[in-house]
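User: I'd like to go through this model and ask what stands behind the labels. Can you take me through it?

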Amino acid sequence: MNRPELIIFDWDGTLFNSVGQIVASLQFAAQRFEQPLTHEAAQGVIGLGLPEVMQTLFPQVPHLHEQIVAAYGEHYVQHSTHDVWFDGVAELLHDLKAMGMKLAVATGKNRRGLDRVLTKTQSHHIFDITRAASETMSKPHPRMLEEILQVTEVEAKNAIMVGDSSYDLEMAMNIDMPRIGVSYGVHDPQVLARYAPLTIVKSVPELHHFLKQILQQKMPA
């Protein structure tokens, strides 16, 4: 592959260690409105936009979706104060910027939630563009990637999508964008492998090493 010009990251479960709290907040909201929700089901929808999460988890009570979303959001904001980047993410992003990479975020969060965590991590300036599901189409539709490519003036073949869910990798596969799976987030390696990633890494340091190899044109055999 060509040396990439742009690397696009998912947020939750890829850069940000927030999966556990998202699951807990979804289960809290479900319990408040007496809706059954297992840990596995809650974790399985992370990456989708909130409307799609509601349609997937609670199709039987569409009249409660707005209230469940509100309860989820309130609980998450109150209890996610200790959520942080995974170890090594700050070093990874700063190293990539120093190597001249354009960086972007494509997330299932809404814009308000994304801006809140960008401010918390003091990382607004790191990313050339960020896209939230609330301002475009939810994964796995590739619309948000297409919008990022348009703004950055990069072709899909010269970008890489990095994500921890099947939605991330399917989104990239839909426009033939190279992709990397990370197995320390939502979905298992067996699930991620279905979407033909360049590799599946087990940690941020392993991701950092692999990306440096690509940028230095030293692809592993």
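Analyst: One definition to start with: contact means heavy atoms within 4.5 Å, and angles run from 0 to 180 degrees between N-to-C directions. With that in hand, helix α7 (residues 143-152) lies across β1, β2, β3 and β4 (159-163), and α7 runs at about 160° to β3. Keep in mind that this is a predicted model.

User: What makes β1 and β2 a pair?

Analyst: Two strands pair if DSSP finds at least two bridges between them. Strand β1 (residues 6-9) and strand β2 (residues 102-107) are joined by 4 bridges, so they meet that cut-off. The two run parallel, and Ile 8 has Ala 104 in β2 as its bridge partner.

User: What is the strand order in the open sheet, and why are β3 and β6 at its edges?

Analyst: The open sheet has 6 strands in the order β3-β2-β1-β4-β5-β6, with parallel pairing. β3 (129-132) and β6 (199-201) each have a single partner strand, so one side of each is left without a neighbour in the sheet. On average, neighbouring strands of this sheet are turned by 20° against each other, direction ignored.

User: How many domains is the chain divided into, and how do you know that they are in contact?

Analyst: The protein chain is divided into domain 1 (6-17 + 85-216) and domain 2 (18-79); those bounds come from an automatic or database domain assignment. Their centres, taken over C-alpha atoms, are separated by 23 Å. As for contact, 17 residues of domain 1 touch 14 residues of domain 2, with heavy atoms within 4.5 Å as the cut-off.

User: What lines the largest pocket?

Analyst: The lining has 22 residues, and Leu 50, Tyr 72, Lys 109, Asn 110 and Gly 113 lie nearest the centre of the pocket. The elements giving two or more residues to that lining are α1 (19-32), α3 (50-57), α4 (65-79) and α6 (111-120). The most comes from α4, with 5 residues. Domain 1 and domain 2 each supply at least three residues of the lining. By type, the lining divides into 11 nonpolar, 6 polar and 5 charged residues. The space in this pocket is about 500 Å³.

Key. Residues are numbered from 1 along each chain as its sequence is written. This is a predicted model: local features need pLDDT of at least 70, side-chain atom pairs count only at pLDDT 80 or more; totals for chains, interfaces and linings use all residues. Side-chain values use heavy atoms; hydrogens and water are left out. On a 1 Å grid over the protein atoms alone, a cavity is a set of points where a 1.4 Å probe fits but cannot get out, and a pocket is an open set with protein on both sides within 12 Å along at least five of seven lines; lining residues have an atom within 4 Å of a point. Grid points are joined across faces, edges and corners, and a volume is the space filled by probe spheres set on the points. Ala, Val, Leu, Ile, Met, Phe, Trp, Tyr, Cys and Pro count as nonpolar, Asp, Glu, Lys and Arg as charged, and the others, Gly among them, as polar.
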